[in-house]
Amino acid sequence: MTNPLGTRLDATFKGVELRSGVDGRLAVVVPREAIVPVLTFLKEDGYDYLQLISCVDWIDRGEFELVYLLSFYTEEVVGGDGGKQEVLLKATVPREQASAPTATSVFAIAEPHEREIHELYGIHFEGHPRLTPLFLDRNYEIPPFRKDFDTKQYVADVFDRVPPIDEEG
Amino acid sequence: MRILWFVLSPLMALAVGLFFLGLSRRFMARIQWRVGPPLYQPLIDILRQFTQKSVSHGPLFDLGVVLSLASSFIVVLFMPLGGTAPLSSSGGFLVVLYLMLLGPLGIALSGGEAANPNVSIGISRKLILALGYEVPFLMIVLALMTYYGTISIGEIVAAQRESASAIASFPLVFSGIAYLLILPAMLGVRPFEVVGAAQEISSGPAAEYGGPYLALATIQHGLTMFIGISLFVNLLWGGASNPVVFFLKMLVVFAFGFWVNAAFPRLRVEQAVRYLWRWPTLIAFVGLILVATIGR
Amino acid sequence: MDRNQLMKWIKAPTKMAHKYSLNAVYFCTGCGVIEVPPTITSRWDAERFGVVPTATARQANLFLITGYVSVKTLRAIIRTYEQMPEPKYTVGFGSCTINGGMYWDSYNTINQLDKYIPIDGYIAGCMPRPEAIFVAVTHLWTLIDKDMADGYKRYRKNYAAYRANQEMILGEMEWPPIFQTEVATAITEREG
């Protein structure tokens, strides 16, 4: 791998795996514990914009994959190795007792993203200031975005159970 | 004859006020390249509102609307509408100045009882705006009273009938321009529409009105518009010798007001006060100084 | 349109006034509301039929529910509906209000709106065009003429059932029932 940023990341952190992402992005796979240090490193390197935190439920592998997309506010993004490229930071957490360190200490904007992921996937973020519900109004036994959440069954159990109004009675 | 005017002038004010409400909607629609509602749309709305049920938030909620409407009707009685005013005494104008404040005050009392935050914001904006236009308005009034040496609206109209109308005579032209500048604020149309802003504070003081309350508030709005315009016609444009001419003169002033309404965006309340206390106040003050030094 | 027929105004002024002064609540639930701005502005100009949006529920008599309804929105819809003064008319806009539409298997959208509040008419489609709103309005006129736009009466009559359905989805609601059931029955008997 000839990517200068990738080389530096590889030298600084243990267990970092580099993949070439799509659209000239740099994909970095790190262990769960290294999320915050790598984010701090990248922020000091000029990545001041955390575009989003996403989550993928790999139910067959029994793990969630958290995806952090980092970019710049001030500099123009140039794709490809050697340019100013966006970074996809990926980390996996196990599905059982899922928890991950919070990124709010590095990027304040992580707060709503992590709340949303907590609400929809049930991942606990250690040290997050307020993991209260963000959008949802109901309690779900299985968080609704997990792959084992059966929406059709849920709709049949909850919304279709409500009887129509008997107007004649 | 005078008894007849007691009945006629509130009815005329009601009819013309509602006509202006309908005309303003039509006028705005035509400017925006729309067809617009029929002219009698306010009548349909009021009929609909009167037949709807509503909730009351307390005795003051009911009485405030009535107070506001009643004070507007009494102001109309002091106004010569192309003839003699039913209630005209030498101090008529001062009474009108006090009674004109009761209109917004009644709405404020009534809305305060509802304890809706949007209503409170609307009322505070209305009172701040009133503070803005009352300063130049009182200067205009003072200039007119000094110039004609009377505090009766009827005598001011009569004096203008003998010579030129006030807006066409030299020192008073400043007062006339100042009045035109504050007229949109007194009518509550677009640059100064922030009081009843539908999108920000859910129509402000009227937010809790539904059913008959809203109908009364609509009528009150029509009357306020009528009073603002007729005061201009009487004080600065020499009134009229018969109601038809008076109405035509009002129509011209109305068209001016709604041209401003269509052409300008809404001002924030502090921008409105900054404007009102700068140009209209300055021009009204110049007019007052000129009247005081040159005189008649 | 029979707005200019004087005899009808003399015969049934209330009905005519309710027909030609439909004030809709500014309430946007889903994507359907994107069709409302062209409807009320220069392109289609709903104001010529007396249909204007109003800012508060208290001033309105038409409730246009535009699009999918999530559980959280349902709470606000019920509140708004109960605040509107009677007589009031509700129109469900788009297929999402009829049977859930493309959100039929979503974990968070209720599927049939008429289980929770009474609906006087539906506009089918995803999305319905602004013309469909006018079709709905003309249809609502016919319903008002025939005394068939009686959603608010049905709500009063079957309030206990509606409230039970609402509580099934929303759980404990933070406001008390607006009708005591006996009161609702009494009013219904008195006014028909």
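Contact is taken here to mean heavy atoms within 4.5 Å. On that criterion, in this predicted model, 30 residues of chain B are in contact with 30 residues of chain C. The area buried between chain B and chain C amounts to about 2300 Å², and carbon and sulfur atoms account for 50% of that area. On the side of chain B, Arg34(B), Arg48(B) and Lys53(B) together supply 27% of the area that this chain buries against chain C, which is more than any other three residues contribute. Five salt bridges are found across the interface of chain B and chain C. Arg34(B), one of the three residues named above for their share of the buried area, forms a salt bridge with Asp45(C), in which the closest N and O atoms are 3.0 Å apart.

Within chain B, helix α1 (residues 2-31) and helix α10 (residues 243-263) have axes that come within 10 Å and cross at roughly 35°, and the crossing of α1(B) past α10(B) is right-handed. From α1(B), the contact is made by Trp5(B), Met12(B), Val16(B), Phe19(B), Phe20(B), Leu23(B), Ser24(B), Phe27(B), Met28(B) and Ile31(B), whereas α10(B) contributes Pro243(B), Phe247(B), Met250(B), Leu251(B), Phe254(B), Ala255(B), Phe258(B), Trp259(B), Asn261(B) and Ala262(B). Of the residues in this contact of α1(B) with α10(B), 18 are nonpolar and two are polar, while no charged residue takes part.

In chain A, five strands form an open sheet of mixed pairing, in which the order is β1-β2-β5-β4-β3.

Helix α3 (residues 110-121) of chain A, in turn, lies across β3 and β4 of chain A and runs at about 15° to β3(A).

Key: Residues are numbered from 1 along each chain as its sequence is written. Chains are lettered from A and ligands numbered from 1 in the order in which they are written. This is a predicted model: local features need pLDDT of at least 70, side-chain atom pairs count only at pLDDT 80 or more; totals for chains, interfaces and linings use all residues. Side-chain values use heavy atoms; hydrogens and water are left out. Axes are lines fitted to C-alpha atoms, for helices over the stretch in contact, and angles run from 0 to 180 degrees between N-to-C directions. Helices (H or I, at least four residues) and strands (E, at least two) are DSSP runs, numbered from the N terminus. A crossing is left-handed if the near helix is turned anticlockwise from the far one by less than a right angle, and right-handed if clockwise. Ala, Val, Leu, Ile, Met, Phe, Trp, Tyr, Cys and Pro count as nonpolar, Asp, Glu, Lys and Arg as charged, and the others, Gly among them, as polar. Two strands pair if DSSP finds at least two bridges between them. Buried area is the accessible area (1.4 Å probe) that two parts lose on being put together, summed over both. A salt bridge is a side-chain nitrogen of Lys or Arg within 4 Å of a carboxyl oxygen of Asp or Glu.
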